[in-house]
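Visitor: I am new to this structure and would like to learn how to read its features one at a time. Could you show me the model and take me through it?

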Amino acid sequence: MDSLPRSFNANKHLKEQFVSNLTGSSMLEISALLTTVPILVLLRQSICFQALTDGDTKETSLKKNDTAIVAFKNLKAYLATLVMDFVFIVLPTLLLFTVLAEWIYVWMILLSLLLIFVIAGKRSPHSPYLEGPKSFRMSISSYRVAMMDLGVGSFVLVNSIVSRQARNVSSSMDWWKAALKSTSPLLLLGFARLVSTMSVDYQVHVGEYGVHWNFFFTLAGVSILTSTVNVPSKYSGILGSVILVGYQSWLSSGLNVYLLSNKRGMDIISRNKEGIFSIFGYWGMYLIGVQVGYYLFFGNHSSVMLRSNNGTRIRVWLLSILFWILTVLLDRHVERISRRMCNLPYVTWVLAQNLQLLAILMLSDYVPGSKMSALEKAFDRNLLASFLLANVLTGLVNLFVDTLFASSVSALLILISYALTLSVVMGIVDFYGVRLKFW
């Protein structure tokens, strides 16, 4: 009798155990790590390497989704610019998140001081500059790129702040047609990921979303609920807060014990309890994000102070501080932060951290020579495509490389090769003007 075929992923169980029962990092450490990202982006924007592209570029008037497409005549010059972006943004980020992580507080202070010196060397903001939401388009785009793959919470919030609801753009379609249009690609991606991971016996940490659930199903669930319950932008935060408080009360009444337990029944809900119930938390987060985006950038404010750039910056910082205070109080007196359950402390933490990073990026007016890098533009124009490619590359590395037993040097080289491959591919896609949209 022939032996059973060997698993395509021989170390599956070891890899699942490796990411189980972890305590995670502290809020302060995570905040320090994430704060370095926007600082590196601003420092890169302050460094002018125009010699690489002057005379070799042209800005076309192609206009799609209010985004000007910059076309480089010379592919070599464009790739050289991408490499510089990679060296000044991506490579330091990789090092700070890995081999330099033990000294993250020192590096955060040093980078912050360097940014302060750069800003101090410029006496005043760009002049003349726009007022209102268009003036912060570059900062918002940089924010979307920087926060894209730092967790489902950040992904949900990023999309809510710049969503159609936040921009108060009404749809001519019926609600069910809009829901079908927005959720069908996500459901397709969700089932595609489920089938692909099962077919190659890929490791899945069931404590994250459940046995069958994944990131795309969560996004689809939020989209369905948002399309079904249509609330005006300026009131969406109220509904979001009610949902979150109600969900947290349910958690504190015993639901948290059920969700954190390793015991599972055979029914579909029990097997995917984390993913299904956490939708309420992500839905509340999305609704609050809609009102935050409307309030900060897209609402019609009567006060000149609220419409000014400085007024917007102040509001972002104040909101970030408010959510940080709420996070500390909730984490200490209500329930510890849990991404697994997407409880109220987790939602306020995501809001605080994201707004803090956005506030830092909004200092770009004070950075000399500030201009969105070519690498940022490449990712911004194909966000979902870059996310999917990153996941595919991650899966290939996990399947074909024995990552558990790789040396530190090998692991770092793999990460650099992975990031460089992703950056170059997305850069070339953008160079040829390809826009990968799914709906």
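Guide: In soluble globular proteins, nonpolar side chains tend to be buried together. In this predicted model, the largest nonpolar core has 69 residues, and those that touch the most other members are Tyr143, Phe215, Tyr282, Met285, Phe297 and Tyr346. Helix α14, which covers residues 344–361, gives the most to this core, with 13 residues.

Visitor: Which residues does Met285 touch, leaving aside those up to four places away in sequence?

Guide: Met285 touches Gly153, Val156, Leu157 and Leu244, and also Cys342, Tyr346, Val347 and Val350.

Visitor: How much of the chain is buried, and how many helices and strands does the chain have?

Guide: Of the 439 residues, 46% count as buried, and the chain has 17 helices and two strands. Among contacts with a separation of 6 or more, 81% are between residues 24 or more positions apart.

Visitor: Which nonpolar residues form a patch on the surface?

Guide: The patch is formed by Trp103, Val106, Trp107, Ile109, Leu110, Leu113, Ile116 and Phe117, which together have about 820 Å² of accessible area. Trp107 has its place in helix α4, residues 104–120, and with a relative accessible area of 34% Trp107 is partly exposed.

Visitor: How should I read the salt bridges, and how many does the structure hold?

Guide: Side chains of opposite charge can pair when their charged atoms come close. The structure holds seven salt bridges, and in one of them Glu274 pairs with Arg340, the closest N and O atoms being 3.2 Å apart. Because Glu274 lies in helix α11 and Arg340 in the loop between α13 and α14, this pair ties together parts that are 66 residues apart in sequence. Glu274 is buried, at 0% relative accessible area, whereas Arg340 is partly exposed, at 21%.

Visitor: What does the pair of Arg336 and Asp331 look like?

Guide: In this salt bridge the closest N and O atoms are 3.1 Å apart, and Arg336 is exposed at 60% relative accessibility, while Asp331 is buried at 10%. Elsewhere, salt bridges that share partners join Arg264, Glu274 and Arg340 into one network.

How values were computed
Residues numbered from 1 in each chain as written. Predicted model: local features only at pLDDT ≥ 70, side-chain atom pairs only at ≥ 80, totals over all residues. Heavy atoms only, no water. Helix = DSSP H or I, 4+ residues; strand = E, 2+ residues; numbered from the N terminus. Buried < 20%, exposed > 50% of the residue type's maximum accessible area, 1.4 Å probe, protein only. Contact = heavy atoms within 4.5 Å. Patch = residues over 30% accessible without salt bridge, like charges linked within 9 Å, V, L, I, M, F, W, Y side chains within 5 Å. Areas by Shrake-Rupley, 256 points an atom, 1.4 Å probe, with all protein chains shown as cover. Salt bridge = Lys/Arg side-chain N within 4 Å of Asp/Glu carboxyl O. Core = buried A, V, L, I, M, F, W, Y, C linked by side-chain atoms within 4.5 Å.
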